[in-house]
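Thank you all for coming. Today I would like to walk through some side-chain pairs, beginning with a question once the structure is on the screen.

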Amino acid sequence: MTRGMRWDAVVVGGGPAGSSVALQLARGGARVLLLDRARFPRDKPCSEYLSPAATPLLSRLDPDLIPAIERAAPGRLYGMRVVAPDGTDAVGRFAATHAYPAPAAFGYALPRTVLDTLLLAAAARAGVQVEEGSPVEELLYDQGAVAGVVTGAGAIRARVTIGADGLRSLVARRLGLRHAGPPRRLAFTAHYRGVAGVADRGEMHIGRPGYVGLGPVGGGVTTVALVLPLAAARQRAAALRDGLAHELQRFPALRGRFEGAKLVRAVLATGPFAQWSRHAVAPGGGALLVGDAADFFDPFTGQGLYSALRGAELAATTLLTAFGAVPRGPLPEAALAPYAVARRRAFAGKWVLERLIGVGVGWPWLARYVVRRLARVPELADLLVGATGNFVPARAVLAPSTLVRLIA
């Protein structure tokens with residue numbers, strides 16, 4: 001069905017970023033083709049957490065999405081508990097008394113098999129042509145601009161190619177934009193049923209080395225992610241693929257909680273993290289990147305899904321304007337440039353905060369000190385959790401007055 005047709009946009013990747021941008025473009029009148037190498041539903045290693053700020057994004061995207069998520073009986077997270085290597089803990093709440101009210105008192109948590117399928121179906125209802133099991137092999141060019149993609153079925157031409165193909169983005173790599181740096185970490189994720197002591201909040205446990213994130217995703221199931229430095233992950237990889245429970249025992253507040261718990265989804269691995277693209281817009285035009293293809297957030301902050309949805313919204317706004325301004329041919333770099341500006345405005349503070357937190361969890365002594373401080377000053381814990389929940393601006397946490405209170 002796709003050969004010989006010309007599309008306004010071809011979206012590579014059917015995760016939250018790809019489905020969301022495709023839906024919004026189709027709703028705006030664009031002819032949109034979405035390609036994904038997988039067939040849905042499919043599992044994905046992820047924190048599987050939607051911050052409170054993601055709720056209004058989903059409502060704007062499609063008013064049927066939140067009711068559909070509710071019908072899936074997801075977990076509801078009302079805050080976050082952070083545990084230091086010595087067992088000291090602090091709890092931050094989304095519904096707090098600071099100056100930045102949460103758009104919702106909780107964030108949803110549900111398996112990616114459910115969330116991604118709901119989003120992909122919403123995109124199809126909006127008029128997006130979805131092609132599952134269609135891996136992209138190369139990019140097409142026309143006078144220096146990206147002009148589409150090549151799949152096993154042949155060439156597909158489009159005015160803009162959107163790379164929404166995740167951490168190992170083929171689109172970003174073909175454009176020569178991918179960059180990596182420290183700290184280098186891998187994550188091993190799994191689902192367990194029957195974990196003791198799981199409440200209505202997420203948990204982050206910092207260890208020596210690495211950290212663990214966990215939380216309920218509905219139906220009595222807990223999603224668990226063990227994140228380790230690259231060298232340690234490689235040493236333990238073979239053993240961890242059979243289950244995480246033994247490794248989790250070295251975290252003080254997790255000891256004994258997995259006794260009797262059952263592994264109900266195979267262990268999946270992802271990483272290394274700290275990868276991002278030097279530019280979100282292709283030099284020469286004709287392509288841009290969204291979601292993890294543009295930049296990957298460390299799972300500790302849980303910002304990945306929100307950033308995918310918000311980035312897709314920013315991309316769609318730019319593209320719909322560009323389609324109206326440029327009547328034919330690949331969209332030039334200048335027409336796509338407002339997207340890069342909008343991304344910096346929306347995410348620059350979050351990038352700084354995420355990098356600082358990512359480095360901090362690698363230093364157990366610093367993590368212990370900060371968690372003890374958060375435990376003594378709960379309003380600081382609420383502020384920090386609100387920032388990672390994407391409704392407290394990062395500048396409120398990065399302000400000198402806040403940093404002094406945090407380390408004093």
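This is a predicted model: local features need pLDDT of at least 70, side-chain atom pairs count only at pLDDT 80 or more; totals for chains, interfaces and linings use all residues.

Is phenylalanine 347 buried or exposed? With a relative accessibility of 1%, phenylalanine 347 counts as buried, where buried means under 20% relative accessible area, exposed means over 50%, and partly exposed is in between, using a 1.4 Å probe and protein chains only. Residues are numbered from 1 along each chain as its sequence is written, and side-chain values use heavy atoms, with hydrogens and water left out.

Let me stay with the aromatic rings. Rings of Phe, Tyr and Trp (for Trp, its six-membered ring) pair if their centres lie within 6.5 Å, and planes under 30 degrees apart count as stacked, over 60 as edge-to-face and the rest as tilted. A search of the whole structure finds 6 aromatic pairs. In one of them, phenylalanine 106 and tyrosine 108 have ring centres 5.3 Å apart and planes at 85°, so this pair is edge-to-face. Phenylalanine 106 is buried at 14%, tyrosine 108 is buried at 4%, and together with Tyr78 they form one aromatic cluster. Phenylalanine 347, for its part, pairs with tryptophan 351 in a tilted arrangement, 6.3 Å centre to centre with 45° between the planes. These two residues are 4 apart in helix α9 (residues 333–360), about one helical turn, helices being DSSP runs of H or I with at least four residues and strands being runs of E with at least two, numbered from the N terminus. Tryptophan 351 is partly exposed, at 22%.

Turning to charged side chains, a salt bridge here is a side-chain nitrogen of Lys or Arg within 4 Å of a carboxyl oxygen of Asp or Glu, and by this rule the count comes to 17. Aspartate 8 is buried at 11%, whereas arginine 31 is partly exposed at 47%. Finally, Arg81, Asp89, Glu203 and Arg257 are linked in a network of salt bridges.
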